[in-house]
Amino acid sequence: MSQPENKKGQVETTGHVWDGDLREYNNPLPRWWLWAFYVTIVFSVVYWILYPAWPYGDSYTKGINTVEYTVEGEDGEEKTVSEHWNTRALFTRDMQSSPSALAQKEWVGKVENMSFEEIEQDPDTLQFAMSMGNYTFGDYCAACHGAGGQGKIGLFPNLADNAWLYGSSYETIVNKINNGIQGMMPAQNVPEDTIDDLAKYVLSLSGNAEISGEAASRGKQAFASCAGCHGAEGKGNEAMGAPNLADAIWGVADVPGCGDDTACKVDEIKHVVNNGIQRQMPAFGDRLTETQARMLAIYVRQMGGN
Amino acid sequence: MAHHDDPSYPADPLYQAREPIHPKAIHGRFRRFKDLVLLLAYGVFFLLPWVRWERSVGPDQAVMFDIPSRRYYLFDLVIHPQDMFLLAGFLILAAWLLFFVTGLVGRAFCGYFCFQTLWTDVFMKVEALVQGDRNKRMRLEKQPWNGEKIAKKGITVAIWTLIAFWTGFTFTSYWADAPQLFVNFFTLEAVGAAYITTGILTATTLLAAGFAREQVCIYMCPYARFQSVMFDKETLLVSYDAGRGEGEAGRQPLHKGLMTLEERHAQGVGDCIDCNLCVQVCPTGIDIRDGLQLECISCGLCIDACDQIMTKRGWPTGLIRYASEQELETGEKPNLLKFRTIGYGLATIAATVLLLYGIFARAPADISVEQVRQPLFTMLASGDIQNNYNVKINNKLQEPLAFDLTVVGLPDARVSVVGDFESLELPADGSRKYLVHVRAPSDAQVDRREIQFILTEENGLVEPLEHDASFVFR
């Protein structure tokens, strides 16, 4: 190895020479690089001190940066929890004290202190209750009733229309949300020779079929056993959730799905009469707060209107 | 550390260390003009956030850029997010104005209006106040670090920091209620963003106007690179009249036998007496006599310097002056009504007119009607069909509005608003969303109809708002 001549001003080389004339520069790292490197070291030390960093055994260093938030204990009392920095705790804190969370709390407080009538008359509170209700609906109701409350014929009632099986008052709806519903129609023992007339008579109540003469009187007679719940004129009974058979809405028998085919409509009704109905909605009272249930009721009630 | 003495360092360093420039103070018309602009700009910038302006809704601050409420308040003009295109219009206008001015008088923007110039100018004034003029500053620079140097440099930087801080704080106060921010800021109760913004502005102001100075103009500024493409032979530029200054035998300092113009002209010597004052006053440290340079920011201080010398000698001024390249070559005065100027001028006027039109033609209120799509339609107990619509209305005025809603295009339609509101009321400068039920008898003829929502303001404060929608039967 020969030391190449190094004139003043020339860059220093490592001293290695290959192939007679190839030399390697011995440049120091750029200063900005070196400083950036030092800065990263300082940064990491500060980071270790502030945040969780080093694992040891079955634990890890917690860092001195903490996140505080309140939780409700088993005894129902609020207490403040101080935890090492982590994103889950940050999220909890944000849900309690971020500006939007505080604004939401303020609005929820308003809804809590207002009657349904007062809420209806205040456009801003109504708008808030409707949109909160919308989200609650998405979480708890949409799985059965559909995202828009349109239901599923034969299974889940349509909430977007203006017919209410159990009554349309807010109080009733809140009650049903909290306590759930047992919907039941017993299977009927209608003799084979009159069930066709009964079905046609039911259809005629809503103008879906025309029936006259003997058939009509047979049907009307057979309907007597239905009138206990649905009323003598088939207008339903909100006290027991018996639907109005004289309006245009069909919740269980898919009459509109049959189009103009009367035989199909008759079959639909016969099926319901022969087999009865068993439907149930679970109680949500222990899953929703009172205010949530109220806002949900407003949303559901207003979706279809009067 | 002096790299030149270090043999291991490349002979040709990539970056040359900055040599501090210490311009000499000068008096004259361009200096006066610069001071005037400076006073005006500082006055506007520093006082504007403190001007109060009563509003029925929103802050009582004349100019405020309110990010949380998404409003820009400019006196009686309130810019909503929907009107943000006005900002684009303003930027376009600013660009054309820059082109127009540059085409006419070169980098005048750089020399008189640019923030970098204005703040550097003030920082230099502070420097001169504390450390004295050019000669004293240069002596101080060379002097080893002793008590005097530390004190003088320290006081200078301290004052700079104060100005920089107030600059940063003033900038921040455009985005919040200024007096409130002032109190919160110093009681450490302002939001983090206020401290960060003020901090960044303070640091960058100090760095750019205190230490980087002309390097910003030369190396960092994009305008420096492209303003020259807007020049032509008739653009007025700060120019050295080489023909007059150099004569046939070049410039010569004053000495015996070359004291008067007659003596000099007789020997073919030019009018320039090589006093170097034009170089000494230049804030970017260039010699204008070398011709048009990228570094020249057209501030005209060399003109003041040269005129001062010429006046002292009793010679005609204007050896350095605003002159076009063509004028220096042929003596022809520039034609101000050239194609380029007219073009840029028309574009500037067009941008101004469009911007003004945009401001005055802003919709005072707007609506959006969005059909509820799940379910699209519902059969009601009566057999009628119901469609629901979310009607969102924005009121951009500073007073409340009340609208009557009608739906046209649907026979026998019945319209009801959730909450049974008779009129759709809107608070001043606010927006609301209403759920609207539209009901119509089932129609065997069509699947859907095109309908139109019409909102009529009850007091006729705004033109009726219309929005198309459709009604679905099945």
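View 1. B:Phe171 and B:Trp175 make a tilted pair, with 5.9 Å centre to centre and 50° between the planes. B:Phe171 is partly exposed because its relative accessibility is 30%, and B:Trp175 is partly exposed at 31%; buried means under 20% relative accessible area, exposed over 50% and partly exposed in between (1.4 Å probe, protein chains only). Ring pairs link a cluster whose members include B:Tyr42, B:Phe65, B:Trp119, B:Phe171 and B:Trp175.

**View 2. The interface of chain B and chain A.** Contact (heavy atoms within 4.5 Å) involves 28 residues of chain B and 29 residues of chain A. The buried area is about 2100 Å², with 52% from carbon and sulfur atoms; buried area is the accessible area (1.4 Å probe) that two parts lose on being put together, summed over both. B:Gln374, B:Ala381 and B:Arg432 supply 22% of the area that chain B buries against chain A, more than any other three residues.

**View 3. The salt bridge between the chains.** The rule finds 1 salt bridge across this interface, a salt bridge being a side-chain nitrogen of Lys or Arg within 4 Å of a carboxyl oxygen of Asp or Glu. The side chains of B:Arg432 and A:Asp124 meet in a salt bridge at 2.7 Å, N to O. Strands S7 (378-379), S8 (385-395) and S12 (431-440) of chain B each give two or more residues to the side that touches chain A; strands (E, at least two residues) and helices (H or I, at least four) are DSSP runs, numbered from the N terminus. S12(B) gives the largest share, 6 residues.

**View 4. Backbone features in loops of chain B.** A cis peptide bond, with omega about 5°, joins B:Gln374 and B:Pro375. B:Pro375 is in the loop between strand S6 (365-371) and S7. B:Arg70 is not a glycine, yet has a positive phi of about 55°. B:Arg70 lies in the loop between strand S1 (63-66) and strand S2 (71-74) and is exposed, with a relative accessible area of 57%.

**Notes.** Residues are numbered from 1 along each chain as its sequence is written, and chains are lettered from A in the order in which they are written. In this predicted model local features need pLDDT of at least 70, side-chain atom pairs count only at pLDDT 80 or more, and totals for chains, interfaces and linings use all residues, while side-chain values use heavy atoms, leaving out hydrogens and water.

Note on methods. Phe/Tyr/Trp six-rings, centres within 6.5 Å; stacked < 30°, edge-to-face > 60°.
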